Amino acid sequence: MNRRAQALVILLLIALMGIAALSGPPLGAGPRTATAGAPSRLMWDVFQFGLPLVIGTLLATGMRWVLMAAVMYGTVGLALDIATVVQDFSPEEAQRTVLVMSSLTGLLNVLLIMTGGYGFLQVGPGSTPQGFPPPNPPSPPEA
């Protein structure tokens, strides 16, 4: 596995968790009641803190497939960031803080997708074919 990509993905996950910690109320804070169909605060905390922690831990153990899980996590995070920015532009008063935070996490998610995908697609030196096999020798001339 590409150790540099692995370390960068772990760093990006830590940065995303740090931004999530700075941008919202502390873990477990806020109202515990949820409207019908809306995700609870606990589910949101698991997405923002639990999943990156699990992905980073598994990645630190050297499991290469976890890089693809990081790519999927980044893709979902980027979709949520884009939806947040689009929703924020809908009303007349756009909140500057939400726009900046969503843009920053969106950039980190793009980097996570690119780095995780690159690390996943990199293979070791002995695992790729060395080239095409040589052609068959010419047939002996007929007598």
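Analyst: **A close look at one helix**

Once its neighbours within four places in sequence are left aside, Ser102 is in contact (heavy atoms within 4.5 Å) with Asp81, Thr84 and Val85. The model is a predicted one, in which local features need pLDDT of at least 70 and side-chain atom pairs count only at pLDDT 80 or more, whereas totals for chains, interfaces and linings use all residues. Residues are numbered from 1 along each chain as its sequence is written, and side-chain values use heavy atoms, with hydrogens and water left out.

Ser102 belongs to helix H4, helices being DSSP runs of H or I of at least four residues and strands runs of E of at least two, numbered from the N terminus. With a relative accessible area of 8%, Ser102 is buried; buried means under 20%, exposed over 50%, and partly exposed in between, with a 1.4 Å probe and protein chains only. Other buried residues of H4 include Thr105, Gly106, Leu108, Asn109, Leu112 and Thr115. The 26 residues of H4 should span 38 Å at 1.5 Å a residue, and the end C-alpha atoms are 37 Å apart, which agrees; the expected span is 1.5 Å times one less than the number of residues.

H4 also takes part in the surface. Leu111 lies in H4 and, at 35% relative accessibility, counts as partly exposed. Leu107, Val110, Leu111 and Met114 make a nonpolar surface patch of about 340 Å². Patches are made of residues with over 30% relative accessible area and no salt bridge, like charges being joined within 9 Å and nonpolar side chains (Val, Leu, Ile, Met, Phe, Trp, Tyr) within 5 Å. Areas of this kind come from the Shrake-Rupley method with a 1.4 Å probe, and for residues only the protein chains shown count as cover.

Leu13 is in contact with Pro52, Ile55, Gly56, Tyr73 and Leu112, apart from its neighbours within four places in sequence. In soluble globular proteins, nonpolar side chains tend to be buried together.

The structure holds one salt bridge, a term for a side-chain nitrogen of Lys or Arg within 4 Å of a carboxyl oxygen of Asp or Glu. Arg41 forms this bridge with Asp45, the closest N and O atoms being 3.5 Å apart. Because they are four residues apart in H2 (residues 41-60), Arg41 and Asp45 are separated by about one helical turn. Asp45 counts as buried, at 8% relative accessibility.

For the chain as a whole, the secondary structure comes to four helices and zero strands. Buried residues make up 27% of its 143 residues, and 74% of the contacts with a separation of 6 or more join residues 24 or more positions apart. The chain exposes about 9900 Å², of which carbon and sulfur atoms supply 70%.
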